[in-house]
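Hi,

Here is the structure I said I'd pass along.

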Amino acid sequence: MRRGLLIVVSVIALLAQPGGRSTAQDSGAPDSGVLALTMLEPVTEVERLLGPGGQWKPCRNMVIKSPDSDKAIEIRPTGVELAGIPGHSEAARFLQRQLERWPTSKLVKRYDVQAYDKMLQYYREPKQASGKPVLHYQQMDLPSAQDRLKTRTVSFDQLKILRYPQTWVDIWEQYVLAKPLAERLARVIEFDAAFRDQIENLDAQPDAFSDVEQSAYAVFYQNQYAFTRNSAPRDAEVYMRLAELHQGRENVDAELSVYLDAIRNEVPEPDVFEFRLRAGRIMVKRLRLYEDAIPHLQVAGATFAEATLLEIECYRELGLVDQELELANRFVEAIDGDSSSGAPVLTYPDGNPQATRDRALLFKARALLHRDQLKSAFDTFAQLSSDATTMDEADYLLASMLLYSSKYQEALQTIEKNTNFKALLAAARAPSALTGSIGYSPIGSRVLSLWGHARAEMTGSQGDLKEVHAALAYAKQLDPLCAEPFLADARAHEIAGRFPDAFDSYRAGLIANPKDPRLNYALGSLYQRAGVLDMAENHYNAALRGSPRFAAAMNGLGGLMMERAAAHNAEIQSLQNQPLDDESRAALTGALLGLSRSIREASAHYSASLDVNPSQPAVTVRLAGLYVQLAGLTNDGALVLSYLHRARELSQRGMQDAEEFGMTPRPAGSAQSARLAASAPPMEAFTIYAYASYEIGKRESKAALLEEARRALERVRTVGQDPRYFGDGEAMKAFKDSESFRWAMETLSAIAANERQVRKRDTFERTGTAHNLGNRWQLFPQGADQGFVDATRVEGGALVAAVRNQQEDMRVSRLGLREKFASVASVRVVIPALGDSSATRGVHLTRLADAEGGFTGAFDWSLMVGFDAENNLVWEVRAESEKTERSLMRDGKPVIIDPRQYGGDKLKAGDRVELTIDRFVPEPNGSTIRYEIELNGYRISINLLNALGNEEREPLDNANYVAEDGEGVMAIGFYVYGATGATGELKVDECEWVLDSNLARREDQD
C-alpha cells in the first residue's frame, strides 16, 4: 500500500497548535459562507450532467453546461464582452488564475475559486447585466489543439457552471469546512468513508490522491479531531476513533502519533495503559524502536501481560540478555502468583494466562540459550504446558537449541514432525514453489532457515545442497526482510567451500535489509577471514550502528585491531633487525605508534563487549593480555601499575572460568561435549595473572603477590597435564608447546628461588619412632593418646601418623614441625593411599600460644584438614583452653566437604591423594587471611564466617602472625583421633612447606 509520509513530530505539533491558512477553520469562528459558492448550479443539475458525486472530482478547468447541447464541457475563460465591447477591462483581474503550488513538486495545491465566483456575481448585477455580458472561452476537452485554441462565447444569462477548477485539497476543504465547527468531525469521517479508494490510491491512479496530498489530508483529518479534542483533551474516545481509522488504513506513523498525543494529554487510567501498550506495540512490531518502546511498556505492564512480553522482546533485540532473562523470570513468577498471592490480576491476550506463561517460558529459554546455559534452557523448555498454544514457536526454539548443541538430526526431526512445518516444507519443495502466490510468514521463514542450516551441517561439504538452497529461496519470499534465510544460505555455501557464493548471499541479504546487524557482522567476519580488513571494519561498524550492544561485532573489531597490531609488531621486528637510518627510524616510530593505537582500540572494543556480556571467558583473557601489552608500551609508572592491576583482575576471572570448565562433567565423545570443549577458557589466564601479580609484587614490594604468582604458575603446570581443561589432546599439546607455558615454567623456577620465600621439603628417607621422628618432627607431649604414641613412626621413605587401639575416646593426637622466625604460607603432602580407617586423620596448621616454650605449652587454635572414617574430606578448628581441648565450630562437628567440589566421586581407600592447605595473606598487617584447600588439583575455599562465630574466628583472621621479636609462632603437622578402640593411619610420602619470610628477618632464620 502507498501512503503519505507523515512525520510523527510534525503531526504532534499540528495537533497541539493547528496552523495553516487564515480561514474559518483556523479562527474557530462560525461558518463564514466563503466556501458556499453562489453561482454553481443545483446539485441535482450537476449530478445529472456529471454523474453521481460529480461535483467532488478534481479538475484543472471550469466545467459548464454546453450552450449548444445538453452535456458538460471544460473551459478556460479568456475575456468578457460587455455592451458589445470585447476585452472589458474589469474582467482582467478576475480571469487571472489564482493558485497555490506544492513547494517541491510545483503542482497545483489549491485554486482560488472565489475569483470566478466574484466574477459571475459582478456581471450578473443589474448594472452590468443590462449590457448583456458575454463570456469568451476556449474549450479544453477537445482532442485537436487547433479546436482548443478557438474562441467561443456564451452569454451570462445562459451560463450554467457545474464545477470550478479544484484540487483534492479544494474538495476536502469544501466538503468539510462549509459545515459549522460542531459538525466538522462527523463530516470529515463521512468524507473519509466516501473517498477511501481515492485517498488510499492503491493503484497509483493519477486522478486520485498523490503522496503529498495523502500526508496533507492526514494532518487535516487529525485537526478536525484536534478541534473536538480541545474542548475535552482527556477524552479517550476521540483518540481511539482516530487511531482505529489510521490503523484500518495502515498509516502507522499517524496511528502512533495519536497514541503519543493521548499520553501527553494525560488521558486518565485505565485508558492511558492501553494507549501505552498500543504505542509500544507499534514501536516494537513495526518501527523497531526498542529503546523508545520500553518506558511505555513498563507502565502498561502493570495491567497488560502483552506489554511485558513486548518488553522482553525489546531486551532481546537490544542484546540485553541479562535484563531479558531477569524479566522473563519475574514475569513467570507473577503469572503463577496471580490467583494465590494476591498479585494484581493481569489482562492476558485472548484471556489465556497459560498461553502467556508458555510464551514467557519460551523467552526465558531463548535467553538462557544465548547465554550458553544450554542445560537450563532445556530445563525451562520442559516446563511448557502439554497443550501449549505456542507450539510452533516451541518447536522452533527446541530445534534451535538442538542445532546449537550440534544435534543436527534431532533438530531436523523436531521440525519435520510438526504438522505446520511439514506442510511448509512440502510447499517449499513443490515444483511451482516460487511461481505461485506466497503469503507472509515470519516464523515460516525462520523455520525453513533453521532447517536449511541443520541440513547443510549434516550434509557437509561433499553433499548435494540444492534442496537446501531451494528451501531457503522459498524462506526469503515468506519474509523478504528476514535475515535468517540469507545467513543460512551463506552458511551452506561456506560449508561447501563456495566462498564467493557466500559473499553474494550476504550481499543479497543486505540489499533487502541493509541495516541488519547479523548480516553485516557475518559479512564482516568473512571479509576478515579473507584478509580484507577495511571492508570487515566497515561491516562491523554497520552492525553496531544497527545494534549498538552487539557484542560479537565488538569482538570482531577487537580481533581485527589485534591483526593490525600483529602486522605492526612484525614490521617493528623487521626494522629492529636492520641498521637504522633516518627513514627507517621514522618507519619504526610510525609502527610503534600504530601498534599502540591498534592495541588501545582492540582493548576498547573488548572492554565494551564485556560491558554488554561479562560471561565471555576468551574475551576476558584476551583483554587481560592486551593490558599487559599496554603496560609494556608506556614509561609512566602509575599507568603501568594501572594496566597491570586491570590485567590481574581480568585474568583472575579467567582462571575462575577455567577451573569451573575443568570441573564441569561432560559425556565423552558427544557432540555437546565437543561444542563445550571448543569453548574451553584460555589457559593463558594463569600466566597473565602470574605475570601481573609478579610485576606488581616487585614494584609495590608485596611478597604476598609474589606468592600468588607462584601458585598461579604451579596451577599452570597442573592443568597443562589435565585433558579436562582442553578441547582435545592437540589443544593440550599446543598449550604445553606454547611460549606462554615455557615462560610460566621458567618464571616458576625464578620465583621459587626468590630470597623472600623459603621452600622446604621432607621425603622421610630415614627410620624412627614417635619419640625420634628426625628433622625436628615431634609429638605434642601433653596431648597424644598412647595408641598414637605406640603406632606413629618413620619407615620405608614415609611418615606414618597412626593410632592402634585408641585409648582415650576422641582424644586428638598431634605431631608437628616448628620453624623459628618464619610463617607458614602453605603445606603440601602426598599420600600414596588413604587406606581403611576407623579414625579421622589429616594435616594441621597450629598457632602456638607459647612460642618460647615450643610444643610444651598450649596452642591458640589448630586448623585441621583431613579424612574421616568414611574417607570424607573434612575440616575443623579446635583450641586449647586451660589444658582442655575444645571445638570452635558452631555445631561442634567437622565440616564435611561435598565431593562435587573435588570431582564428584567419593574418595576410596586405595586413592592416591595430594593435599595442600594454603594460607593467603594479602599484605603485611592486613586484616583478612584466606584459607584454601587443594585436593588433587581441585581448589576449595574454607568459609570461616559460616562455620565459626566472630570471636572464635578472630585468631584465624589475623595477619599479624609473627611475634614482635620476630619469633615464629606457626607449626605444621599431622593428627589422628577416633573413638575408643579406633585404628587407622595417615601415610605421607612427601611433605613440602613454604615459609613467607618477608615479614621476618631473613638473616636470623635457622
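Let me start in a loop: P270 sits between α13 (252–264) and α14 (271–285). Bear in mind that this is a predicted model. P270 is exposed, at 56% relative accessible area.

Next, a helix pair. The axes of α20 (residues 391–404) and α23 (residues 442–459) come within 11 Å of each other and cross at roughly 25°. Since angles under 35 degrees count as roughly parallel, that makes α20 roughly parallel to α23. The crossing is left-handed. On the α20 side the contact is made by D392, E393, Y396, A399, S400 and L403, and α23 brings I443, R446, V447, L450, H453 and A454. By type, the contact residues come to seven nonpolar, two polar and three charged.

α23 turns up again around α25 (residues 484–495), as part of what covers the buried residues of that helix. The cover also includes α24 (466–478), α26 (499–512) and α27 (517–529). Of the 12 residues in α25, 10 are buried, so the helix is largely enclosed by the rest of the structure. The buried set is P485, F486, L487, A488, D489, A490, A492, H493, E494 and I495. From first C-alpha to last, α25 reaches 16 Å, close to the 16 Å expected at 1.5 Å a residue. Just after α25, G497 takes a positive phi of about 80°.

Cheers

Conventions
Residues are numbered from 1 along each chain as its sequence is written. This is a predicted model: local features need pLDDT of at least 70, side-chain atom pairs count only at pLDDT 80 or more; totals for chains, interfaces and linings use all residues. Side-chain values use heavy atoms; hydrogens and water are left out. Axes are lines fitted to C-alpha atoms, for helices over the stretch in contact, and angles run from 0 to 180 degrees between N-to-C directions. Helices (H or I, at least four residues) and strands (E, at least two) are DSSP runs, numbered from the N terminus. Angles under 35 degrees count as roughly parallel, over 145 as roughly antiparallel, 65 to 115 as roughly perpendicular and the rest as oblique. A crossing is left-handed if the near helix is turned anticlockwise from the far one by less than a right angle, and right-handed if clockwise. Contact means heavy atoms within 4.5 Å. Ala, Val, Leu, Ile, Met, Phe, Trp, Tyr, Cys and Pro count as nonpolar, Asp, Glu, Lys and Arg as charged, and the others, Gly among them, as polar. Buried means under 20% relative accessible area, exposed over 50%, partly exposed in between (1.4 Å probe, protein chains only). The expected span of a helix is 1.5 Å times one less than its number of residues.
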